[in-house]
Amino acid sequence: MADQPTTDRPVRVMVVDDHPMWRDAVSRDLAEAGLDVVATAGDGEEAVRRARACTPQVVVLDLNLPVLPGAEVCRQVVAHDPAVRVLVLSASGEHQDVLEAVKSGATGYLVKSAGREELLDAVRRTAVGDAVFTPGLAGLVLGEFRRLAAEPAPASAPAAPQLTARETEVLRLVAKGLSYRQIADRLVLSHRTVQNHVQNTLGKLQLHNRVELVRYAIEQGLDDGI
């Protein structure tokens with residue numbers, strides 16, 4: 001069973017791309033699949049303005065935009081509303097572009113060669129908190145997080161908040177790249193319970209999304225030993 005949002009209302013999506021035909025085609029595919037396309041935009045400045053006005057759950061974002069680059073759009077949108085999740089849909093699979101997008105706050109990255117069903121699945125999974133990447137790119141992101149985790153921590157780093165044993169267990173599996181549905185199956189929990197544990201952990205750690213959570217878990221060495 002595929003992950004679904006925890007509400008009966010359709011996922012609110014915004015599509016940002018500077019090519020009108022591509023933007024219209026993606027919007028049409030999403031709408032025909034039952035998602036609510038609340039806005040579209042053709043340049044970065046327009047994207048930031050409309051995202052603030054219509055508060056989508058997921059922004060499907062191209063990186064190569066006029067006026068304001070996609071990575072900066074992502075940074076501004078997430079800074080304004082950390083609850084918004086950004087799924088990059090780009091023609092580029094270059095490692096530098098992927099890492100820049102993730103560091104800007106994107107929670108997923110697909111290349112435009114992805115099929116229709118792959119895109120629909122990615123948007124739905126992004127809406128429920130999964131980090132979705134084109135095959136091969138997830139390992140790149142995890143590798144970068146491990147590299148950053150190996151760097152010395154600042155001397156003034158605050159003590160880590162206390163997590164419950166179950167929250168730590170869920171966090172270990174998140175760091176391994178498992179989806180919420182896979183974690184639920186592994187721990188014999190409901191999908192909603194796993195989401196609640198993740199949300200509680202995000203709150204305790206003052207983090208905004210699953211990508212930040214994975215990085216934290218790796219920094220703490222929680223991706224080892226499973």
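Guide: In this predicted model, E167 has a relative accessible area of 5%. The cut-off for a buried residue is under 20%, so E167 counts as buried. The residue belongs to helix α7, which covers residues 165-175. Leaving out residues up to four places away in sequence, E167 touches H197, N200, T201 and K204. With one of these, K204, there is a polar contact from side chain to side chain, at 2.9 Å.

Helix α9 spans residues 191-205, and it gives the largest share of the lining of the second largest pocket, namely 6 residues. This pocket holds about 380 Å³ of space. A total of 20 residues line it, and those closest to its centre are A83, R85, A127, G129 and Q199. Sorted by class, its lining consists of 9 nonpolar, 8 polar and 3 charged residues.

Rolling a probe the size of a water molecule over the atoms shows where empty space is left. The count comes to 3 cavities of 30 Å³ or more, and the largest cavity contains about 60 Å³ of space. Its lining is made up of V48, A51, R52, T55, V77, H80, D81 and V84. The elements that give two or more residues to this lining are α2 (44-54) and α3 (70-80). Of the contributors, α2 gives the most, with 3 residues. By class, the lining of the largest cavity has 4 nonpolar, 2 polar and 2 charged residues.

The largest nonpolar core comprises 32 residues, and M14, V16, V59, L61, V73, V86 and Y109 have the most contacts inside it. Not counting residues up to four places away in sequence, Y109 touches L63, L87, V88, S90, S92, D97, V98, A101, V132, F133, T134 and L137. Another core lies apart from the largest one; it has 21 residues, among them L163, L171, V198 and V214.

L89 is part of strand β4, which runs over residues 85-90. Its relative accessible area is 4%, and because the cut-off for a buried residue is under 20%, L89 is buried. Apart from its neighbours within four places in sequence, L89 is in contact with W22, V26, V60, L61, D62, L110, V111, K112 and L119. One of these partners, L61, is also among the residues with the most contacts inside the largest nonpolar core. As for spacing, L89 and A114 are 25 residues apart along the chain, and their C-alpha atoms are separated by 8.9 Å.

Among contacts with a separation of 6 or more, residues 24 or more positions apart account for 67%.

Notes: Residues are numbered from 1 along each chain as its sequence is written. This is a predicted model: local features need pLDDT of at least 70, side-chain atom pairs count only at pLDDT 80 or more; totals for chains, interfaces and linings use all residues. Side-chain values use heavy atoms; hydrogens and water are left out. Helices (H or I, at least four residues) and strands (E, at least two) are DSSP runs, numbered from the N terminus. Buried means under 20% relative accessible area, exposed over 50%, partly exposed in between (1.4 Å probe, protein chains only). A polar contact is a pair of N or O atoms within 3.5 Å; within protein, one must be able to donate a hydrogen and the other to accept it, and residues adjacent in sequence count only if both atoms are side-chain atoms. Contact means heavy atoms within 4.5 Å. On a 1 Å grid over the protein atoms alone, a cavity is a set of points where a 1.4 Å probe fits but cannot get out, and a pocket is an open set with protein on both sides within 12 Å along at least five of seven lines; lining residues have an atom within 4 Å of a point. Grid points are joined across faces, edges and corners, and a volume is the space filled by probe spheres set on the points. Ala, Val, Leu, Ile, Met, Phe, Trp, Tyr, Cys and Pro count as nonpolar, Asp, Glu, Lys and Arg as charged, and the others, Gly among them, as polar. A nonpolar core is a set of buried Ala, Val, Leu, Ile, Met, Phe, Trp, Tyr and Cys residues joined through side-chain atoms within 4.5 Å.
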